[in-house]
Amino acid sequence: MSWQESCRSRLREHLDPRGDLAPPWERFPDYERYTIGWRMGAGEDWMGLWSVFLEQLAPDPETRVAYLRRHPPAPISWADVVHGVLYPAEEDDDDSDEDGPAAAAQRRTALLEQGLIASDVAFATWLGQQRELRWPWEWHPRPEDAARYSTRELWFWSRQVAELRKDSGWTPPGVPETWRACAQALQTGDAGAIDPRHGLLSLARLLCAGHVKAPWELGLGPADFADSFEDDMGYVDAFRLWGMSAFDDALQLRRYLEATRAPPGWEAWVAEQLPVD
């Protein structure tokens with residue numbers, strides 16, 4: 001049995017009561033658009049199921065708009081996929097000349113106006129799926145591992161906890177010894193002094209505090225970037241790792257840059273390392 005045949009045979013068991021298969025941005029909101037997670041494991045399997053589901057969905061735009069409206073809006077980074085869902089015939093047209101930046105921008109604008117995509121929407125989708133507050137040491141024994149391997153989920157959890165911390169009765173549990181460096185940040189929302197040499201631990205502490213400081217807020221410059229994904233990466237590289245997971249669209253990124261008062265000297269670095277539409 002081929003993989004596609006396997007997806008067809010299993011599709012029914014994954015349909016909701018309306019006969020829908022959740023689009024990938026709903027099923028895995030903690031997967032950014034271009035993560036390798038879509039090419040392996042559960043993410044790859046869901047994409048296969050979704051491809052089969054779309055093959056069976058009537059091709060007219062009305063049916064497909066209705067399907068999309070029954071589910072949360074997609075992040076803007078999924079705009080090309082959403083357009084393809086609406087107009088499957090265009091996906092099969094290899095001679096289409098509407099693939100340039102201007103055409104893509106027009107499609108994004110139209111989808112935004114229809115409410116089928118939205119800025120910074122994945123967090124709300126993820127939050128709506130949480131039945132209880134989970135703690136990151138349940139996923140990873142060390143904060144550095146959580147920051148490196150579950151960056152986006154840790155970011156969403158950070159935003160969830162930041163809201164809960166506003167309650168005067170906020171009392172987090174005791175942290176395991178391996179997470180001791182994050183205890184104060186989790187309790188008070190203050191990460192304390194940050195050592196830029198320890199990028200992943202610094203990122204984890206800031207996420208526990210509920211706010212990721214930009215490198216320029218720590219007095220760092222683009223020259224401190226080593227273009228590293230190693231465990232011993234510095235803070236600018238860890239910030240790049242977080243930014244790749246956190247920002248799904250240019251508007252969301254711009255709001256962050258304005259809030260942190262990004263200096264002009266960082267513009268080229270941000271454009272190169274955190275490209276979003």
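Which residues of H5 are buried? In this predicted model, the buried residues of helix H5 are Ala79, Val81, Val82, His83, Gly84, Val85 and Leu86. Seven of the eight residues of H5 are thus buried, so the helix is largely enclosed by the rest of the structure.

Leu86 belongs to H5, which spans residues 79-86, and has a relative accessible area of 2%, a value under the 20% limit, so Leu86 is buried. When residues up to four places away in sequence are set aside, Leu86 touches Pro59, Pro61, Arg64, Val65, Leu68, Leu111 and Leu116.

Leu111, one of the residues touched by Leu86, lies in helix H7, which covers residues 101-114. Leu111 is likewise buried, with a relative accessible area of 2%. Beyond residues up to four places away in sequence, the contacts of Leu111 are with Ala79, Val82, His83, Leu86, Leu116 and Ile117. Between Leu111 and Ile76, which are 35 residues apart in sequence, the C-alpha to C-alpha distance is 8.8 Å.

On the side of H5 the contact involves Ala79, Val82, His83 and Leu86, and on the side of H7 it involves Arg107, Arg108 and Leu111. By residue class, this contact of H5 with H7 consists of four nonpolar residues, one polar residue and two charged residues.

A further helix pair is formed by H12, residues 199-209, and H13, residues 235-246, whose axes lie 8 Å apart and pack at an angle of about 55°. H12 and H13 are therefore oblique to each other, and the crossing in which H12 passes H13 is right-handed. H12 contributes Gly199, Leu200, Ser202, Leu203, Leu206 and Leu207 to the contact, while H13 contributes Tyr235, Ala238, Leu241 and Trp242. Eight of the residues in the contact of H12 with H13 are nonpolar and two are polar, with no charged residue taking part.

H12 is mostly covered, as 10 of its 11 residues are buried, namely Gly199, Leu200, Ser202, Leu203, Ala204, Arg205, Leu206, Leu207, Cys208 and Ala209. The cover over these buried residues of H12 includes H9, H10, H11 and H13. Just after H12, Gly210 adopts a positive phi of about 95°.

The largest nonpolar core contains 48 residues, of which Trp157, Leu186, Val212, Phe239, Trp242, Tyr256 and Trp269 touch the most other members. Two or more residues of this core are given by each of helix H8 (122-128), helix H9 (143-149), helix H10 (151-164), helix H11 (183-188), H12, H13, helix H14 (250-259) and helix H15 (267-273). Apart from this core lies another, of 28 residues, which has Trp25, Trp46, Ala79 and Val82 among its members. Ala79 and Val82 also take part in the contact of H5 with H7, whereas Trp242, listed for the core of 48 residues, takes part in the contact of H12 with H13. For Leu186, leaving aside neighbours within four places in sequence, the contacts are with Trp135, Trp137, Trp157, Val161, Arg165, Trp170, Pro172, Val175 and Cys208; Cys208 is one of the buried residues of H12.

Asp120, although it is not a glycine, has a positive phi of about 50°, and is found in the loop between strand E2 (117-118) and H8. With a relative accessible area of 21%, Asp120 is partly exposed. Asp227, which is also not a glycine, has a positive phi of about 55° and is found in the loop that joins H12 and H13.

Methods
Residues are numbered from 1 along each chain as its sequence is written. This is a predicted model: local features need pLDDT of at least 70, side-chain atom pairs count only at pLDDT 80 or more; totals for chains, interfaces and linings use all residues. Side-chain values use heavy atoms; hydrogens and water are left out. Axes are lines fitted to C-alpha atoms, for helices over the stretch in contact, and angles run from 0 to 180 degrees between N-to-C directions. Helices (H or I, at least four residues) and strands (E, at least two) are DSSP runs, numbered from the N terminus. Angles under 35 degrees count as roughly parallel, over 145 as roughly antiparallel, 65 to 115 as roughly perpendicular and the rest as oblique. A crossing is left-handed if the near helix is turned anticlockwise from the far one by less than a right angle, and right-handed if clockwise. Contact means heavy atoms within 4.5 Å. Ala, Val, Leu, Ile, Met, Phe, Trp, Tyr, Cys and Pro count as nonpolar, Asp, Glu, Lys and Arg as charged, and the others, Gly among them, as polar. A nonpolar core is a set of buried Ala, Val, Leu, Ile, Met, Phe, Trp, Tyr and Cys residues joined through side-chain atoms within 4.5 Å. Buried means under 20% relative accessible area, exposed over 50%, partly exposed in between (1.4 Å probe, protein chains only).
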